[in-house]
Amino acid sequence: MKAALVGTDGTLLHEARRATGRERGADAVVETILAFAADLRAHGEKHLGESAVAAGVAVPGIVDAEKGIAVYAANLGWRDVPLRALLGERLGVPVALGHDVRTGGLAEGRIGAGRGSDRFLFVPLGTGIAGAIGIAGAIEAGAHGDAGEIGHIVVRPDGPDCSCGQRGCLETLASAAAVTRAWAAASGDPAADAADCAKAVESGDPAAVRVWQDAVDALAAGLVTALTLLDPGTLIIGGGLAEAGETLFTPLRAAVEERITFQKLPHIVPAALGDTAGCLGAGLLAWDLLSTEVSA
């Protein structure tokens, strides 16, 4: 878990990390979060001379931000955890709850790589592929909280089975996990991962180049579908695969440009905030909550 005290302008005033400890069970994880938040508030009082005035928390899985409930998170064993109410009771301040990817996207769009763009799409390439749709400084969650799940755009109908029940979803072909699987098979090294594949591409290994280009082609196909629907001004790519830098971005920009026809090519840029995006985004959610309460 990553946590921070965040100033009104998005400045990180203090950062801390703790193990989630999910092996201790779902209830223990919740208690760890509550204690972590209380300790963070105490740090602000002692070292910064003031207490936090609101809290924001970003969690994975299915989130009902309006009701403040972490509906489901497979990795944490959560079902219908009233996290906003629990944190509010522990801290005595207003609490905002958000989805981890959309919260990270909020930070990237507002104070990171998308700063100044009123329409952006944030796409982290990790174990899976998610997305956050930015419109006028806010993230569009959709009618049911599921907007932006571009990892489940089908790009190859005869492709691998996806956990969602479809075949050939983008994340089965172009996520960091997908590249890891493909490179481990192609290299014959079961311990090889996506970062190793990128290094092999840089050294000119033809097998690695094929694996990498397959992933880039699939990613470009999925992104062009997203661009056609959303027409963002900036496309922000993050996650583990983006750490390959221009080894990813040079062929990706070319592949997207080759596929567009009437669509306008957005700026395709790497995420700027790294793994602090979630903390910063949670802080922005908290400040937004206070702004809404004041205006109301």
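Trainee: Which strands form the hairpin with G77 in its turn, and how many residues lie between them?
Mentor: In this predicted model, the strands are β5 and β6, with four residues between them. G77 has a positive phi of about 70 degrees.

Trainee: How do you know that β5 and β6 pair?
Mentor: Pairing needs at least two bridges. Three bridges join β5 (residues 69-73) to β6, so the two strands count as a pair. They run antiparallel. Among the bridge partners, A73 goes with W78 and A70 with V81.

Trainee: What makes β4 and β5 a pair?
Mentor: The cut-off is again at least two bridges, and three join β4 to β5, so these strands pair as well. Their run is antiparallel. The bridge partner of D64 is I69 in β5. This hairpin also has four residues between its strands, and G68 takes a positive phi near 75 degrees.

Trainee: Why are β4 and β6 said to stand at the edges of the sheet?
Mentor: The open sheet has three strands in the order β4-β5-β6, with antiparallel pairing. β4 (62-64) and β6 (78-81) each have a single partner strand, so one side of each lacks a neighbour in the sheet. On average, neighbouring strands are turned by 15 degrees against each other, direction ignored.

Trainee: How do you know that the span of helix α7 agrees with its number of residues?
Mentor: At 1.5 Å a residue, the 25 residues of α7 (residues 206-230) should span 36 Å; the end C-alpha atoms are 35 Å apart, which agrees.

Trainee: What is found at the start of α7, and what follows the helix?
Mentor: At the start, a side-chain oxygen of D205 comes to within 2.9 Å of the backbone nitrogen of A207. The cut-off for a polar contact is 3.5 Å, so this pair is counted as one. After α7 comes D231, with a positive phi near 50 degrees.

Trainee: Which residues have the most contacts inside the largest nonpolar core?
Mentor: They are V123, W212, L223, I237, L252 and V256, in a core of 44 residues. Membership requires being buried, with side-chain atoms within 4.5 Å, so L223 is under 20% relative accessible area. The largest share of this core, 12 residues, comes from α7.

Trainee: What does L223 touch, leaving out residues up to four places away in sequence?
Mentor: L223 touches V123, I150, L235, I237, L252 and V256. Apart from this core lies another, of 20 residues, including A38, L76, W78 and L87.

Note on methods
Residues numbered from 1 in each chain as written. Predicted model: local features only at pLDDT ≥ 70, side-chain atom pairs only at ≥ 80, totals over all residues. Heavy atoms only, no water. Axes fitted to C-alpha atoms, helices over the stretch in contact; angles between N-to-C directions. Expected span 1.5 Å × (residues − 1). Polar contact = N/O pair within 3.5 Å; in protein donor to acceptor, adjacent residues only side chain to side chain. Buried < 20%, exposed > 50% of the residue type's maximum accessible area, 1.4 Å probe, protein only. Contact = heavy atoms within 4.5 Å.
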